[in-house]
Amino acid sequence: MVDIKKAARLSVAPMMDWTDKHCRYFHRKFTRKSLLYTEMIASAALVKGKAFHLLEFSNEEHPVALQLGGSDPSQLSEAASIGEDYGYDEINLNVGCPSDRVQSGEFGAVLMKNPKLVAKCCEAMKINTAVDVTVKCRIGVDDQDPNHVLPEFLKYLSDAGVTRVIIHASKAILKGLSPKENRDVPPLNYPLVFKMKEQFPNLHISLNGGVKSLKAANELLSDGIDGVMIGRSAYQQPSQILLDADQVIFEQEASKSQFDIATDMRQYLKLHISTGGKPHQVTRHMTGLFHGFPGSKIWKQILSKGSSSRDIDFYNEALLAVSASINKFAA
Ligand SMILES: Cc1cc2nc3c(=O)[nH]c(=O)nc-3n(C[C@H](O)[C@H](O)[C@H](O)COP(=O)(O)O)c2cc1C
């Protein structure tokens, strides 16, 4: 049985187009213990569109959480149940995405304005599932006052029986900023997230936004937050963030090097190609493996060159090239 609260001490954020099943498999090679999230999947795509292929994942990915987008309680309830049947360890509701597409569907960050509806959605999802139902939210949107809005929002969630939330510690501006700008422009407010932990001691609260090192994550945990979620840095620099995660955050023996991971991934990639997949679908997530090390550039170049190859030779070539660069640097 997965201890999901423990795993949530460190999680890799849901990221559309990034944290697909190949990416999560790759991240799992770095850390056995951290919690991984899917990209957001619209509840309508599952319930109306029957797009169940979006839910596929490898057994090795556990603990893994499914993030849903939606605002129709009965549809979310059904989608949550489908997700649980597929074996996800947690169902998370997206109340943070500011994209126009999501806003027009009346879900994502715009739901910060309707905590009653979010509570209804969570209650409905909980009725149909035994796994944790969680929410990933912002501290507010547009001209809302986070000091006022966030505690009210959390009270609704708590009363709806939600025991775990992830707070992206900045506002979303729904008109005028792109999703990318919405990750960089609105200022982060960590003190407010810590204040929420004081005000809601029974709620498991993870902080998200702008965490760029494992050391920073560990300090936030030491300061009393229950969990830290990392997005962009984990994706772009997986070795810096995830390689020592089990040792630093979960006090487990660290055992792997980037080369071990690259070697492990060779089998996965080989299988993927042999079943008709394109190498790029896997390797596009792996370009940051040697970030900050000699050979990083040649690694990226050879992976890109082999993006539609029909065999694994390019991958072996990339590994040899990185080894040679590292040895040359060490000599
Ligand atoms: C490419 C990309 C896609 C994202 N997609 C989602 C998503 O599907 N659901 C979600 O809740 N957040 C999404 N986010 C936001 C991240 O989960 C996270 O909240 C944000 O990047 C801030 O964390 P960071 O500073 O550690 O990156 C996305 C972020 C990026 C960079």
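Let me start with Pro63, which lies in the loop between α3 (43-47) and β3 (64-69). Helices here are DSSP runs of H or I with at least four residues, strands are runs of E with at least two, and both are numbered from the N terminus. The peptide bond from His62 to Pro63 is cis, with omega near -5°.

Before going on, some ground rules. The model is predicted, so local features need pLDDT of at least 70 and side-chain atom pairs count only at pLDDT 80 or more, while totals for chains, interfaces and linings use all residues. Residues are numbered from 1 along each chain as its sequence is written, and side-chain values use heavy atoms, with hydrogens and water left out.

Asp17 is in the loop between β1 (10-12) and α2. Why mention these two? Most residues other than glycine have a negative phi, and most peptide bonds are trans.

Now the pockets. On a 1 Å grid over the protein atoms alone, a pocket is an open set of points where a 1.4 Å probe fits, with protein on both sides within 12 Å along at least five of seven lines; lining residues have an atom within 4 Å of a point. A volume is the space filled by probe spheres set on the points, which are joined across faces, edges and corners.

The largest pocket comes to about 850 Å³. Its lining has 36 residues, and Pro14, Met15, His168, Arg183 and Arg232 lie nearest the centre. Elements that each supply at least two lining residues include β2 (35-42) and α8 (181-184), but α11 gives the most, with three. By type, the lining has 15 nonpolar, 12 polar and nine charged residues.

Where does the ligand sit? It sits in the largest pocket, meaning that more than half of its atoms lie within 2 Å of the pocket's grid points. Around the ligand are 17 residues, the closest being Met16, Gln67, Asn208, Gly210 and Arg232; a residue counts if one of its heavy atoms lies within 4 Å.

Polar contacts are pairs of N or O atoms within 3.5 Å. A polar backbone atom of Gly210 is 2.7 Å from an oxygen atom of the ligand. A polar side-chain atom of Asn94 lies 3.3 Å from a ligand nitrogen atom.

Last, the second largest pocket, with a volume of about 350 Å³. Of its 16 lining residues, Asp20, Lys21, Glu39, His53 and Leu54 are closest to the centre. Here β2 gives the most, with four residues.

How values were computed
Nonpolar A, V, L, I, M, F, W, Y, C, P; charged D, E, K, R; others polar. Polar contact = N/O pair within 3.5 Å; in protein donor to acceptor, adjacent residues only side chain to side chain.
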